[in-house]
Amino acid sequence: MTHLVLLRHGQSTWNAENRFTGWTDVDLTIHGVTEAMSAGEMLKDSSACPPITKVHTSLLTRAARTASVCCESLGRTWLPVDRSWRLNERHYGALQGMDKKQATEHFGADLVKIWRRSYDVPPPALDVEDERHPSHDPRYSRVPVNLLPATECLVSVLDRLLPYWADNIVPDLIFGETVLVVAHGNSLRALVKYLDNISDRDILDVEIPTGMPLVYEIDANLRPSKDVPLEERYLVSPDEVRRAQAEVAAQADI
């Protein structure tokens, strides 16, 4: 038996501005740093899982900094950290950088809602020449261009995340590490869908709040050992989780 902790990064500057962020690299707000610190305190004081021994995070600053602040709060700045683009947020294509109101005015409310909430319909793709395309970012210089997304839907995120789960996170769990994965709303939704076997329809209603550790006890078959509602896996009360989920959903619908 081992443990897996999922943590969405703290509030970012573009979360606060209600903009489509995706692979755009933005930092945490002061509130986001506080959320990361609080997550570390919750993990340090919790009896729900053993001390964290290994960390995985994306290549985006908001996740990397959350992991760093969280580990400092844990008193474990020495923990080994693996980073991968496969844990990045969903790429929002042509929506990246727009606020929700701007996107609605440009594309229409119905289309934007479909792109945001459907499982398998992505927004318009970026041209490879667009400066927002990840091929222009040096942190992805070793990733084949054909693997870098120009837009994604949730199923695309799941497809590029699962190889990292199998090749990097699973070996740590088998070895007996207590693994912390610090990532993003959609990359974590994809992983939660896989772990809890959530249907394509039901995953559309799942929201992952920022800064709230989500703990899975993993059995020998690399599956969750307990079949419990998602809200009961967090290190805060289910009522607090539902309140935070409602705030995330309300912001998404603006």
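A charge is taken to sit over a ring if NZ of Lys or CZ of Arg is within 6 Å of the ring centre and within 35 degrees of the ring normal. In this predicted model, the charged end of lysine 100 meets that rule over the ring of phenylalanine 20, 5.1 Å from its centre. A further case involves arginine 223, which lies over the face of tyrosine 194 at 4.9 Å from the ring centre.

Ring-to-ring contacts were examined next. A pair of aromatic rings is described by the distance of the centres and the angle of the planes. The count comes to 5 aromatic pairs. One of them joins phenylalanine 20 and tyrosine 92. Their centres are 5.2 Å apart and their planes stand at 55°, so the pair is tilted. Phenylalanine 20 belongs to the loop between α1 (13-16) and α2 (30-45), and tyrosine 92 to the loop between β3 (81-83) and α4 (100-107). The pair therefore ties together parts that are 72 residues apart in sequence. Phenylalanine 20 counts as buried because its relative accessibility is 1%. Tyrosine 92 is buried too, with a relative accessible area of 8%.

Tryptophan 23 and tryptophan 85 form another tilted pair, with ring centres 6.3 Å apart and planes at 55°. This pair also links distant parts of the chain. Tryptophan 23 lies in the loop between α1 and α2, and tryptophan 85 in the loop between β3 and α4, 62 residues apart. Ring pairs extend the group to a cluster of Trp23, Trp85 and Tyr140.

Notes
Residues numbered from 1 in each chain as written. Predicted model: local features only at pLDDT ≥ 70, side-chain atom pairs only at ≥ 80, totals over all residues. Heavy atoms only, no water. Phe/Tyr/Trp six-rings, centres within 6.5 Å; stacked < 30°, edge-to-face > 60°. Helix = DSSP H or I, 4+ residues; strand = E, 2+ residues; numbered from the N terminus. Buried < 20%, exposed > 50% of the residue type's maximum accessible area, 1.4 Å probe, protein only.
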